[in-house]
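Let's go through some of the labels used for this model and ask what stands behind each of them.

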Amino acid sequence: MTLQELTEQIRNKVTHADDINATVKITTDQGVVYIDGKQSPAVVSNEDKPADCDLQITVDNLVKMGNGDLNPMMAVMTKKLKIDGNMGIAMKMGSIMG
């Protein structure tokens with residue numbers, strides 16, 4: 001999956017999720033997806049800006065999480081997913097993306 005395809009997929013999922021009320025940066029091996037959930041609807045771009053929560057993961061592992069093939073908690077425990085910032089926001093993202 002390309003970064004553009006991933007960005008579009010995330011845009012479709014978070015557009016209807018008004019309860020994020022934070023900024024999230026997903027840093028992947030292909031680039032950045034930035035989610036501004038403080039706006040309604042949420043705005044998704046590929047800008048590399050500071051965020052309330054930074055999730056670091058490969059595109060492959062992010063796709064696996066989205067498909068249910070990789071448990072988010074297991075991803076954190078095996079260091080396939082690194083979280084920097086507000087853990088509560090990361091948990092919200094898990095429920096939205098999952």
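Q: Why is D52 called partly exposed?
A: D52 has a relative accessibility of 32%. Buried means under 20% relative accessible area, exposed means over 50%, and partly exposed is what lies in between (1.4 Å probe, protein chains only). The value for D52 falls in between, so D52 counts as partly exposed.

Q: Before going on, what kind of model is this, and how are its residues numbered?
A: This is a predicted model, in which local features need pLDDT of at least 70 and side-chain atom pairs count only at pLDDT 80 or more, while totals for chains, interfaces and linings use all residues. Residues are numbered from 1 along each chain as its sequence is written, and side-chain values use heavy atoms, with hydrogens and water left out.

Q: What makes K38 and D52 a salt bridge?
A: Their side chains meet at 3.6 Å, N to O. A salt bridge is a side-chain nitrogen of Lys or Arg within 4 Å of a carboxyl oxygen of Asp or Glu, so this pair qualifies. K38 lies in the loop between strand 2 and strand 3 and D52 in the loop between strand 3 and strand 4, so the pair ties together parts that are 14 residues apart in sequence. Helices (H or I, at least four residues) and strands (E, at least two) are DSSP runs, numbered from the N terminus.

Q: Is K38 buried or exposed, and how do you know?
A: K38 counts as exposed, because its relative accessibility is 53%.

Q: What makes R11 and E8 a salt bridge, and where do they sit?
A: The N to O distance is 2.7 Å. Both residues belong to helix 1, and because they are 3 residues apart, about one helical turn separates them. R11, at 24%, is partly exposed, and so is E8, at 35%. The structure holds 5 salt bridges, including one between K49 and E47 with the closest N and O atoms 3.8 Å apart.

Q: Why is the peptide bond between S40 and P41 called cis?
A: Its omega is about 0°. P41 lies in the loop between strand 2 (32-36) and strand 3 (43-45).

Q: What makes a set of residues a nonpolar core, and which members touch the most others here?
A: Such a core is a set of buried Ala, Val, Leu, Ile, Met, Phe, Trp, Tyr and Cys residues joined through side-chain atoms within 4.5 Å. The largest one has 26 residues, of which I10, V14, I26 and I35 touch the most other members. Helix 4 gives the most to this core, with 5 residues.

Q: How do you know that the protein agrees with a compact globule?
A: With 98 residues, such a globule would have a radius of gyration near 13 Å, and the protein has 12 Å, which agrees. The radius is taken over C-alpha atoms, and the globule rule is 2.2 Å times the number of residues to the power 0.38.
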